[in-house]
Amino acid sequence: MPRLNINGRDVDIAVEDDTPLLWAIREQVGLTGTKYGCGVAACGACTVHVDGVATRACAVPVSAIAPGQKIVTIEGLSPDGSHPVQKAWAALDVPQCGYCQAGMIMAAAALLAAKPKPTEDEIHAEMTNICRCGTYNRVRAAINLAAEGGEPRRG
Ligand code: FES
Ligand code: FES
């Protein structure tokens, strides 16, 4: 039985070794903020952090997670929604339907942890998540806002 560390908690998961991490997170642990979109690592809806690295959980079998690796989902990004990326997302009303947004936020948080002041080219290169509602412009604006660490410019 694989043991995973998710959002700081060790959990024993009753799944086959080749079960995708996404389904362990959603169905075994009950953390449904992480979404299923494509199942083939193409859309990013299932993005979580594995040791801080944005990872598409639909394409990673639980057996690929080494003992001690730390998985963080959208539910564990901050205790109260106060991560700078979450605050920037709220300030700019980024989501439309919301389905892709947990993955977007996790990808953005990993990007900013690695590159606190990313260039537009770096944002473009790193943010490959798909949004069917077309929130891309607001996603980029919110990443820049979070990178600036400030309030949105008004007017
Ligand atoms: S559901 Fe994992 S990348 Fe689309
Ligand atoms: S907000 Fe609807 S898919 Fe992105």
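Predicted model: local features only at pLDDT ≥ 70, side-chain atom pairs only at ≥ 80, totals over all residues.
Strands and helices here are DSSP runs (E, at least two residues, for strands; H or I, at least four residues, for helices), numbered from the N terminus, and two strands are said to pair if DSSP finds at least two bridges between them.

Residues are numbered from 1 along each chain as its sequence is written, with chains lettered from A and ligands numbered from 1 in the order in which they are written. Local features need pLDDT of at least 70 and side-chain atom pairs count only at pLDDT 80 or more, while totals for chains, interfaces and linings use all residues; side-chain values use heavy atoms, leaving out hydrogens and water.

Two hairpins can be followed within the sheet. In one, strand E1 (residues 3-6) pairs with E2 in the antiparallel sense over four bridges, and Arg-3 has Asp-12 of E2 as its bridge partner. Two residues lie between E1 and E2, and Asn-7 in the turn has a positive phi of about 55 degrees.

In the other, strand E3 (residues 47-50) and E4 are antiparallel and share four bridges. Val-50 is the bridge partner of Val-53 in E4, while Val-48 stands opposite Thr-55. This hairpin also has two residues between the strands, and Asp-51 takes a positive phi near 50 degrees.

Turning to the domains, an automatic or database domain assignment divides the protein into domain 1 (3-77) and domain 2 (84-148). Their centres, taken over C-alpha atoms, are separated by 20 Å. Contact (heavy atoms within 4.5 Å) involves 17 residues of domain 1 and 12 residues of domain 2. The two domains bury about 1,200 Å² between them, 64% of it on carbon and sulfur atoms; buried area is the accessible area (1.4 Å probe) that two parts lose on being put together, summed over both.

Across this interface, six residue pairs, both residues at pLDDT 80 or more, are in polar contact. A polar contact is a pair of N or O atoms within 3.5 Å; within protein, one must be able to donate a hydrogen and the other to accept it, and residues adjacent in sequence count only if both atoms are side-chain atoms. On the side of domain 1 that touches domain 2, E3 and E4 are the elements giving two or more residues, and E3 provides the largest share, three residues.
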